[in-house]
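Please read this briefing beside the sequence and the coordinates. How is each chain built, and where do the two chains touch?

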Amino acid sequence: MKFSSFTRSRIGLWLLIACALFSNLLLLFRSTRQLFWKDNNDYAAYQQQKSRLGDIPEILRARHSRIVGYDTDRRPGTTEYFLSQFILAPILVADDPARPLIIGNYHNARGIVLIERTPGQ
Amino acid sequence: MIGILSTALLLPLLMGLCSMAMFISLIFLNRPSPLFVVLLPLSFCVLAVYAALRWLPVIGHPAARAQRERYILIIFIIASAAALAIFVFISWRQPNGDWDGWAIWNMRARFIFRSGENWRDSFSPLIAWSHPDYPLLVPLSVVWLWTVIGRETTVAPMLIAAIFSVSTVALLSASIARLRGPTQGLLAGIAILGAPFFIQHGASQYADIPLGFFFLETIVLFALYEQSPGTSPWLLVMSGLTAGLSAWTKNEGLLFCLSVAVARLVAVIPRRGMRPALRETALFIAGLIIPLAMTFYLKIRLVPPGDLLSSQEPSMLMDHLMQPSRYALIMKTFLRTAIQGTRGAAGLPVLLIYFLLLGRKDGKAEPRLGARTASYSISLMLAGYFLVYLVDTYDLQWHLSTSIDRLFIQLWPTFLFWFFLEVRTHRTEL
């Protein structure tokens, strides 16, 4: 069976349009369904915990520093550490528990806490 | 159509220039200055609008046929509305963007905006995981908007993501409409709106869609120049500027600058000879030089070296080059991504069937230098990506799985532009 040039061009045109529109509308359907799913990166909850840390910039200013350490008993390198840095910028959050001032993220502390260490501790 | 084309060409370009002005202000004054942040970009904007109005209408182009195929227009409008709704839904769920969006681009913007004279802290080796060597167009565009508004808001990165996504669709459609007719322009727009990954990634606030936009704009400007070569040299300067802005957006832009310059020379020399080709290259470099110089300044003076190739030792490099399994894995992943990269039905296989059904445009009567520049650039970019994967220091399987789809979507608008320049129309008038 041989199609004319006109028929072939019509088939091509509608194939392209149908596939594009199908993909586009399917994504719309999925996005609508996911609209009220919880975001994995729960900034709002994390942002609230920030208030528990007190005035870190003021403490750092007194110490002439712009860096805090970070310690956790959770799996290292997790999203929480990156979120801490994102929320606390422009304070530099070093992934280093040996700093004099650290953000502690411990599972039994119900969130993040600020820990000040005096020399020798 | 001129209005859509001019706006799509200029609005993202203005964002790029605002980010450059912000960087110059930070370097020289250590703070955002109104002179640099507002007056400089505005002055350029006025000049650019004048240039667009002055030159774009006089570029010769085939007369737009009165194609009354309203159903294609209606489908384009439906697809655009759906894409816009998807964009809003994703932005509403993730106001700070997806992973790289917040952890790299928006975090750098926050650092620079909040830290005042200590803005260089954002490049600290203590946060090397956030890739401090990445160029600054996206974060500084966000900082620019925050500075103009006077406060931080998640609307700014959303708006920038929207500008680049919408401009990509508009530029692709309007440029193809101008060069091949309105119906082809709408079809090109429908094709890109039918790529779910393009829409999702646009809303994720990554830098890949802005980068892809500048790739496309560079190639479009070359193609517009070819409509009346020699009469609009500023289009070549602008193409250099947009190529430079791609380097100012992401590291892949550096490869693009090299690829597009070589591609252009290879395309032009056989047809016009060496001297005109070198003259065109000089105009291209004139536009390229400032954003490229700023990118190198950032990488050499401000930040620690990047992690991709900087730790490469010659022995390891040779070892990687001699492993056939690496070639096979990269090739297999490239092919799989080419088939599935849009994450939807309207991908490369459908375009291939479309091409087989309609055939290639009869282009004996007109030069194909614009299309050739596009195809050579894409080929060189793919070859460059292949080489980078071959020699990189990461675990190859992991690196391919986390980045190849983004590299693909960066090139997809430019590929579609080339495709719709080359394919025969469903009516045979053009």
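The points below cover confidence, the two chains in turn, and the contact between them.

This is a predicted model, in which local features need pLDDT of at least 70 and side-chain atom pairs count only at pLDDT 80 or more, while totals for chains, interfaces and linings use all residues. Residues are numbered from 1 along each chain as its sequence is written, and chains are lettered from A and ligands numbered from 1 in the order in which they are written.

**Confidence**

- The model scores ipTM 0.86 and pTM 0.91.
- Chain B has a mean pLDDT of 87, with 90% of its residues at 70 or more; pLDDT is the predictor's confidence in each residue, from 0 to 100.
- Within chain B, confidence is lowest in helix α2 (residues 34-55), at a mean of 69, and highest in helix α9 (residues 208-225), at 96.
- Over residues 57-64 of chain B pLDDT stays under 50, and for this stretch the model has 13 contacts beyond four places in sequence, two residues being in contact if their C-beta atoms, placed from the backbone, lie within 7 Å.

**Chain B**

- Chain B has 17 helices and zero strands, where helices (H or I, at least four residues) and strands (E, at least two) are DSSP runs numbered from the N terminus.
- The radius of gyration of chain B, taken over C-alpha atoms, is 21 Å, close to the 22 Å that the globule rule gives for 430 residues, so chain B is as compact as a globular protein of that length; the rule is 2.2 Å times the number of residues to the power 0.38.
- The C-alpha trace of chain B spans about 60 × 55 × 50 Å along its principal axes.
- Of the 430 residues in chain B, 51% are buried, a residue being buried if 20 or more other C-beta atoms lie within 10 Å of its own, exposed if 12 or fewer, and partly exposed in between, with C-beta atoms placed from the backbone.
- In chain B, 80% of the contacts between residues at least 6 apart in sequence join residues at least 24 apart.
- In α9(B), 18 of the 18 residues are buried, so this helix is largely enclosed by the rest of the structure.
- The end C-alpha atoms of α9(B) are 26 Å apart, which agrees with the 26 Å that its 18 residues should span at 1.5 Å a residue; the expected span is 1.5 Å times one less than the number of residues.

**Chain A**

- Chain A has four helices and four strands, and along the sequence they follow the pattern α-α-α-β-α-β-β-β.
- Of the 121 residues of chain A, 26% count as buried.
- Strand β1 (residues 67-72) of chain A has a covered face of A:Val68, A:Tyr70 and A:Thr72 and an uncovered face of A:Ile67, A:Gly69 and A:Asp71.
- In a regular strand the side chains alternate between the two faces of the sheet.
- β1(A) runs parallel to strand β2 (residues 92-93), to which two bridges join it, and A:Ile67 stands opposite A:Leu92 in β2(A); strands pair if DSSP finds at least two bridges between them.
- β1(A) also runs parallel to strand β3 (residues 101-106), through four bridges, and A:Thr72 has A:Asn105 as its bridge partner in β3(A).

**Contact between the chains**

- In chain A, 34 residues are in contact with 39 residues of chain B.
- On the side of chain A that touches chain B, α1 (5-33) and α4 (79-88) each supply at least two residues, and α1(A) gives the most, with 20 residues.
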